[in-house]
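Labels in structural work rest on thresholds.

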Amino acid sequence: MAVEFYPFGRLSDGRQVTAAKLKNRAGASVTVLDYGATIQSLCVPARDGSLVDVVLGYDTAEEYERNGDFFGATIGRVANRIGGAAFELHGKRYELAKNDGENHLHGGTEGFDRKLWRMAAQGESLLCWRISPDGEENYPGNLKVQVLFTLTEDNRLCIGYDADTDADTLLNLTNHSYFNLNGSGDILSHRLQLSSERFCENNAVCLPTGRLLWVEGTAFDFRKEKEIGADIGAEEEQLKLAGGYDHNFVLAGKKAAVVCGDQTGIELTVETDLPGIQLYTANMLAERIGKGGRKIGRREAFCLETQLYPNAMNCWGFPSPVLHAGEHMHSETVYAFRVR
């Protein structure tokens, strides 16, 4: 499985964007851009033998630069939200960009999703890496980050994250792919199971309050497989605040989620060593044109972002996002595909 590199256009300042494609013998493939270490395409076999691109994205570098919503991007330094766009570490207060109302979201105005990463083949895998300098988006420490993408012959996309810092800092990496296992249309009939008994309570701006709520007896109970849309319109405050699902679920084991596309029979299993996963049902996705000129919009995708809990620096008892100087961080998330 050789890695194929090819040009993917230029950014507004003239810098070249490069794509790298991994393909296995079954015909499945993943295309990753050096801009944002972004998954641009992920094609897997459907029940009828055809290949379906199961992630949203764009056809040009210019569209990725112009549009928001983090399609397929590697998110950092800190995924999700930090309340008040600030944190305190060792008695020092760090003010961050307020790019989500009064809060900080997905690493700031120029997060990892907006950076050109270096990338190279590493055997049959693709390695993306960059140095985030001390003070970037006002985070402390020089941080070296590596993301390794591997596509196996049995259609497992493995994403390995590694990081080192020379000063204590915050770190919470994830991939922000928007999935549609049917390839198009809304995702309300996709069937989802989550290995979770609790989820983070959100306030009115989708910021965790620090309370963990039980899923039992609520629309958030996906312990048994059900359609994503089965309860999305329930008269529950947490759903009304977010316009649907946009919540961190507390994971009970490595096998985090299983989703199946009702039309294609494509089943996705998410495995991770991280303690949380954000289910987002594209409630706020504004209508736009995606790959192939196809119109996409609200609830035409779902995200399953493996992560530490959001707003952890402001919530007692949440797993700490602090990476200490000299401490190595390694994590792995796997997106495994098969036909049901």
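Predicted model: local features only at pLDDT ≥ 70, side-chain atom pairs only at ≥ 80, totals over all residues.

Q: What makes the fold of the protein chain count as compact?
A: The size rule does. For 340 residues, a compact globule would have a radius of gyration near 20 Å. The protein chain has 19 Å, so the two agree. Along the principal axes, the C-alpha trace spans about 60 × 50 × 35 Å.

Q: What secondary structure does the protein chain have?
A: Two helices and 29 strands. Of the contacts between residues at least 6 apart in sequence, 65% join residues at least 24 apart.

Q: How much of the protein chain is buried, and how much accessible surface is there?
A: Buried residues make up 58% of the 340. The accessible surface is about 13400 Å², and carbon and sulfur atoms account for 47% of that surface.

Q: Why is T333 called buried?
A: The cut-off is under 20% relative accessible area. T333 has 1%, so T333 is buried. T333 sits in strand β29, residues 329–339.

Q: What does T333 touch beyond its sequence neighbours?
A: Leaving out residues within four places in sequence, the partners are L157, C158, I159, V270, E271, T272, L274 and T306.

Q: How do you know that the side chains of T333 and T306 make a polar contact?
A: The limit for such a pair of N or O atoms is 3.5 Å. The side chains of T333 and T306 are joined at 2.7 Å, and that is within the limit.

Q: Which residues of the largest nonpolar core touch the most other members?
A: V54 and F337, out of 60 residues. Strand β13 (residues 143–151) gives this core its largest share, five residues. Apart from this core lies another of 18 residues, including Y35, Y58, A282 and C303. In soluble globular proteins, nonpolar side chains tend to be buried together.

Q: What does F337 touch, not counting residues up to four places away in sequence?
A: The list is L42, V44, V54, D154, N155, F179, L181, I266, E267 and L268.

Q: What makes E225 and R340 a salt bridge?
A: The cut-off is 4 Å, from a side-chain nitrogen of Lys or Arg to a carboxyl oxygen of Asp or Glu. In this pair the closest N and O atoms are 3.0 Å apart. The partners are 115 residues apart: E225 is in the loop between β19 and β20, R340 in the segment after β29.

Q: Why are E225 and R340 called partly exposed?
A: That class lies between the buried limit of 20% and the exposed limit of 50%. E225 is at 28% relative accessibility, so E225 belongs there. R340 has 38%, so R340 does too.

Q: How do you know that E267 forms a salt bridge with R338?
A: The closest N and O atoms are 2.7 Å apart, within the 4 Å cut-off. E267 lies in strand β23 and R338 in strand β29, 71 residues apart. With a relative accessible area of 6%, E267 is buried.

Q: What makes R191, E225, E267, R338 and R340 one network?
A: Their salt bridges share partners. One of the links joins R340 and E267 at 2.7 Å, N to O. That pair is 73 residues apart in the chain. The whole structure holds 22 salt bridges. Side chains of opposite charge can pair when their charged atoms come close.

Key. Residues numbered from 1 in each chain as written. Heavy atoms only, no water. Helix = DSSP H or I, 4+ residues; strand = E, 2+ residues; numbered from the N terminus. Buried < 20%, exposed > 50% of the residue type's maximum accessible area, 1.4 Å probe, protein only. Polar contact = N/O pair within 3.5 Å; in protein donor to acceptor, adjacent residues only side chain to side chain. Contact = heavy atoms within 4.5 Å. Core = buried A, V, L, I, M, F, W, Y, C linked by side-chain atoms within 4.5 Å. Rg over C-alpha atoms; globule rule 2.2 N^0.38 Å. Areas by Shrake-Rupley, 256 points an atom, 1.4 Å probe, with all protein chains shown as cover.
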